[in-house]
Every structure is written in structure tokens, then in C-alpha cells.
Amino acid sequence: MKVIDLINSNQHTAFSFEVLPPLKGTGIEKLYATIDLLREFDPKYINITTHRSEYVYQELGNGLYQRKRLRRRPGTVAVAAAIQNKYGLTTVPHLLCSGFTREDTEYVLLDLQFLGITDLLVLRGDKAKHEARFVPEEGGYSHAIELEEQINRFNQGIFEDGSPMTVTRTPFSYGVACYPEKHDEAPNLESDLMWLKRKVDAGAQYAVTQLFYDNNRYFDFVERAHKAGITVPIIPGIKPLKRAAQLSIIPKTFKVDIPQELAGEVERCKDDEQVKQVGIEWCVRQCRELMAHGVPSLHFYSVAAEDSIREVARQIF
């Protein structure tokens, strides 16, 4: 069943979460432990992140360096297949522009289709660490809408070179990202909403937000989106605070504000164990308010927050 159908068929607010593939050379057991920890809350689907390759410079001696391509977290397709096979849950691998060519994308789509994995989250992805601005791969894309167009052609049975597929299978369905506090590269919220509208018009069936801590930002964003003609479900992305250092790390990394009330509570904590409890309590209140407003689903970013999410889920589901 497609993600959009899983969401729409649920009588109550649905639960889902996102995981990272394990680092290169490590096992999948820790990832399975996260799923085992949260499985009791009936997740409707699990998202699997994808990470672009980065370039590193290896010293060769005599002042010479060799530029090497390095991928620290391979295996998004394999991890999605492993989870779906082990747990029978719908998995949603991320598909990126960042770091991928059209040909790379085509082979990912082929592999996923062979495995029967036909739900995607389509993203532009972050710029490379060494870049001042986003630069697509040669033969790649600058915007998620271009990636959607390739998926749509694939669904129609057309390869990137224009040749037809001999056999077509279940078409892909997909969601996209959105930003209640706007994407940090967007000049204004109106421009950001325009791009979201274009992504929805291209075929996105739902949108998942960047994490946020102020529900009023989400409610205002949804209202603005509806006025702009965006009618697909907008799923709030949630992550509880766990450490005092996140007061500065999260705004810098995700370009979101932390409400002063929450920041004040964290600043009064004596240690990170108290911060963790504050984060859980804030997240529970946040989720209950969202649920009271009838959000279709809550999507949790689980990295380094699995135990907090379990406690939040225990209280709200």
C-alpha cells in the first residue's frame, strides 16, 4: 500500500520515523534495535536516508594529493530491502539530486523496482561540504522537480535515453520536503511555497516538513499552503531535544528557531539528563496539540533520539 493510502486509511494520527543507513563497515544491528524499540507503536512506514559521496584529498608525498570520492553511508537500497523483508513494513528510501547523475538515479529506480519498493521521498539534498552553494553533479539535477520528472518518465516506461522499457511494473509514488520556516536558500516564504506548489503539481502526493519546535510556524505554513492551492497532506517532522548543545547546533544546522520558552527551560537544566526530560515534555505537548488539530501523521527524526521518541510515543499513542 502506498504511503498516501496508509496515511489516509488510518483513523487516527499515523506514526512513522526516519533512520540512517549504518556507516560503511558496520553492521545493521543497531538500526534493527531502533526499529525494535519503536515498532510497538505501529509505524506505517520507515524512511531511509540517502547520503551523497564527498571528496577527500589523500596525501601522496612530495606535495602531491589525490582527489578521492568517498561515501560513508552506502546501502540505502539494501537497507530498505532488508527492513521490508525482516519486518514487512513499507520502506521509503530517499532519492537525491545531490551527488547523483541521471544515470545513477535510473539504476537506483531499477533496483528498487526489482525489490518491490515503490515509495520514495524525493529531495534535492544538501550541498557538498566544500561548496559555498549547491552545485549539481555533471549530468545531474539542480532541483527536486527535475528528479520528479525523471521518475514520472520512468513510470511511463521511458528510460533517460528515450528508449522504451520492455516490461513496466508498479509505478513509483513519492512525497517531497517542505519548510515551515522556509528553506534557507529561498529569498522568502512566498517563493518557497511556489516551489512546493510546483513539486506537488509535478506529482508529489504528500509533503514532510523540516523539524520544528513552534507549532504556530507549522499551522501558519499549512494555512499559507492551502491558500496557494496546495492540498496534499503536510506531515509535521518532529525531533525532541536531548542535549543543551542543541540550542545552538539545531538552529545552525537546520535553520529553524527554538522558542524562547523551550530555550529558557533548557538553560535552567543542570545536566543533559534534565534537558532530555524537558525535550520529551515539550515534544509531548507539541504532538498532542498537532494531533488535536487533526494532522494526518507525525513523522519522527530518530537519529540519536530513539529513546526519547519511544517515551513520547508511549504517552501520545
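Which residues in α7 meet which residues in α10? In this predicted model, Asn-215, Tyr-218 and Phe-219 in α7 meet Gln-286, Glu-289 and Leu-290 in α10, where contact means heavy atoms within 4.5 Å. Residues are numbered from 1 along each chain as its sequence is written, and side-chain values use heavy atoms, with hydrogens and water left out. Because the model is predicted, local features need pLDDT of at least 70 and side-chain atom pairs count only at pLDDT 80 or more, while totals for chains, interfaces and linings use all residues.

**The protein as a whole**

- The protein has eleven helices and ten strands; these are DSSP runs, with helices being H or I of at least four residues and strands being E of at least two, numbered from the N terminus.
- The radius of gyration is 20 Å, close to the 20 Å that the globule rule gives for 317 residues, so the protein is as compact as a globular protein of that length; this radius is taken over C-alpha atoms, and the rule is 2.2 Å times the number of residues to the power 0.38.
- Taken along the principal axes, the box filled by the C-alpha atoms is roughly 60 × 60 × 45 Å.
- Of the 317 residues, 51% count as buried, a term that means under 20% relative accessible area, with exposed meaning over 50% and partly exposed lying in between (1.4 Å probe, protein chains only).
- Among contacts between residues at least 6 apart in sequence, 75% join residues at least 24 apart.

**Helices that pack against each other**

- Two packed helices are described by the angle between their axes and the distance between the axes.
- The axes are lines fitted to C-alpha atoms, for helices over the stretch in contact, and the angles run from 0 to 180 degrees between N-to-C directions.
- Helices α7 and α10 pack at an angle of about 25°, with their axes 10 Å apart, and that makes α7 roughly parallel to α10; angles under 35 degrees count as roughly parallel, over 145 as roughly antiparallel, 65 to 115 as roughly perpendicular and the rest as oblique.
- The crossing of α7 and α10 is right-handed; a crossing has this name if the near helix is turned clockwise from the far one by less than a right angle, and is left-handed if the turn is anticlockwise.
- By class, the contact of α7 with α10 has three nonpolar, two polar and one charged residues, where Ala, Val, Leu, Ile, Met, Phe, Trp, Tyr, Cys and Pro count as nonpolar, Asp, Glu, Lys and Arg as charged, and the others, Gly among them, as polar.
- The axes of α9 (residues 260–267) and α10 (residues 272–292) come within 9 Å and cross at roughly 155°, and these two helices are therefore roughly antiparallel to each other.
- On the α9 side that contact is made by Glu-261, Leu-262, Glu-265 and Val-266, and on the α10 side by Val-275, Val-278, Trp-282 and Arg-285, which gives five nonpolar, no polar and three charged residues.
- The axes of α6 (residues 189–202) and α7 (residues 215–227) come within 10 Å and cross at roughly 60°, which makes α6 oblique to α7.
- Leu-189, Glu-190, Leu-193 and Leu-196 of α6 make this contact with Phe-221, Arg-224 and Ala-225 of α7.

**Two buried residues**

- Ile-35 is found in helix α2 and is buried, with a relative accessible area of 0%.
- Leaving aside neighbours within four places in sequence, Ile-35 is in contact with Phe-17, Ile-46, Ile-83 and Tyr-87.
- Gln-210 lies in strand β8 (residues 207–211) and, at 18% relative accessibility, counts as buried.
- Not counting residues up to four places away in sequence, Gln-210 touches several residues, among them Cys-178, Phe-254 and Tyr-301.

**Positive phi in loops**

- Most residues other than glycine have a negative phi, and most peptide bonds are trans.
- Asp-42 has a positive phi of about 55° although it is not a glycine; Asp-42 sits in the loop between α2 (29–38) and β2 (45–48) and is partly exposed, with a relative accessible area of 46%.
- Ala-304 has a positive phi near 60°, lies in the loop between β10 (297–301) and α11 (306–316), and is exposed, with a relative accessible area of 52%.
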